[in-house]
Amino acid sequence: MAVLNLVQAINQGLQQALIEDDRVLVFGEDVAVNGGVFRATEGLFEQFGDKRVFDTPLAESGIVGLAVGLAAYGLRPVAEIQFLGFAYAAIDQIFTHAARIRARSRGRYSCPLVIRTPYGGGIKAPELHEESSEAFFCHMPGIKVVVPSTPSNAKGLLRAAILDPDPVIYLEPTRLYRLLKEEVAEEAYITPLGQARIAQAGDQVTLLAWGSILERSLRAVRDYPVEVIDLQTLSPFDRATILASVAKTGRVLIVHEAAKTGGFGAELAATIAEEGIMSLKAPILRVTGYDVVMPLPLLEDYNLPSEQRIIDAVEELLRYS
C-alpha cells in the first residue's frame with residue numbers, strides 16, 4: 001500500500017471516482033489548471049480534460065447552483081469551495097435548493113452532489129479561512145455532513161459521499177492536509193456514512209471528537225483509559241456507538257474547535273442526556289473553541305482546544321466515582 005497524506009488520499013479518491021463513473025464532474029475555483037488551492041485536484045485536469053474537470057468563476061453561489069442543476073438531472077458533481085467561510089455566499093443554494101429537492105419533488109428527484117471544502121483552524125490564515133461552522137450545516141435536514149480525520153477514512157468517506165443519492169458537505173480538516181501520513185489501500189473502497197469508529201479503546205471516559213481535533217485528542221489522552229470515538233459523519237451521527245461507549249464508561253468528554261454555544265457538541269450532549277443519562281457517573285464536559293470569531297494568528301492557538309485543556313477535563317471526569 002502507498003503511504004499518503006490527506007491531500008493525496010483525496011486526490012486518489014477523486015481520480016478513481018472519475019475513472020469509475022463518467023457522470024462524475026469536478027469543478028470549482030482553480031481546481032483544474034492549478035490543481036486546487038491545496039493541490040487536492042492536481043493532475044485531474046490533465047488526465048480527464050476540461051469536460052470533466054474545470055475551473056469556474058469566483059462565485060460560490062454559482063458553483064453550488066451549477067452543482068444542484070447537474071445533480072438534479074443525473075450527473076454526480078463534486079464542487080470545491082476554497083474555504084468553508086466562502087460557502088456562506090452559497091447558503092441559499094445549499095439550504096433552499098440542494099437540501100430540499102427530494103422533499104419538494106416528493107421523491108421524484110434527488111440531488112447527489114458533494115461540496116468539498118477545507119475547514120478549521122491551525123494554519124494561521126486570514127479571516128474566513130479557518131471557520132469551523134459544521135453545526136450550521138448539521139441543522140439543515142436533507143444534508144449529510146462528513147468530516148474525515150485520517151488519509152484512509154478521507155478516501156473511503158469521499159467515495160461513499162460521491163455514491164450517496166443526496167447532498168453531502170465534505171469538510172476537509174485543513175491542518176491535517178499534510179500533517180498525517182499512513183498506508184492507504186490503492187483500490188477503491190467505501191467507509192460508510194453515518195458510522196463512527198473507535199480510534200482508541202478505553203473503559204473510564206468516552207471522548208467524542210472529529211476532524212483535526214481528533215489527532216490532538218489522541219495525543220493528549222494516549223496514557224489515559226479513555227475511549228476515543230471519531231464520529232466521521234456528523235449528520236447523521238452514530239448514536240449506537242456513542243451510547244454503547246457511554247454505557248461502558250459512564251463519563252463523557254466532547255472536544256471540538258467550533259464555538260461552544262450551539263456547537264455540535266451541544267447536540268451530542270443533549271442526545272446522551274436523553275438516551276443515556278442512567279449510565280452517567282459525572283456531568284458531560286465540553287472542551288471547545290471560545291464564543292468568539294476565530295482570532296487572527298496571534299491568538300489562534302489560544303482559541304483552539306489544547307492538549308492541556310483536554311487532559312484537565314479528563315482528570316476532572318476521573319475524579320467522579
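The chain folds into 12 helices and 14 strands; these are DSSP runs, helices (H or I) of at least four residues and strands (E) of at least two. This is a predicted model, where local features need pLDDT of at least 70, side-chain atom pairs count only at pLDDT 80 or more, and totals use all residues. Residues are numbered from 1 along the chain, and side-chain values use heavy atoms, without hydrogens and water.

**Overall form**
- A compact globule of 321 residues would have a radius of gyration near 20 Å, and the chain agrees with 19 Å. The radius is taken over C-alpha atoms, and the rule is 2.2 Å times the number of residues to the power 0.38.
- The C-alpha trace spans about 60 × 45 × 40 Å along its principal axes.
- Buried residues make up 57% of the 321 residues. Buried means under 20% relative accessible area, exposed over 50%, and partly exposed in between (1.4 Å probe, protein chains only).

**Aromatic rings**
- The structure holds 11 aromatic pairs. Rings of Phe, Tyr and Trp (its six-membered ring) pair if their centres lie within 6.5 Å; planes under 30 degrees apart are stacked, over 60 edge-to-face, the rest tilted.
- Phe 136 and Phe 137 pair edge-to-face, at 5.7 Å and 75°. Phe 136 is partly exposed at 41%, while Phe 137 is buried at 0%.
- Tyr 290 and Tyr 302 are stacked, because their centres lie 5.6 Å apart and their planes meet at 20°. Tyr 290 lies in the loop between strand 14 (285–289) and helix 11 (297–303), and Tyr 302 in helix 11, so the pair ties together parts 12 residues apart in sequence.
- Tyr 290 is partly exposed at 32%; Tyr 302 is exposed at 58%.
- Ring pairs link Phe 38, Phe 83, Phe 86 and Tyr 177 into a cluster.
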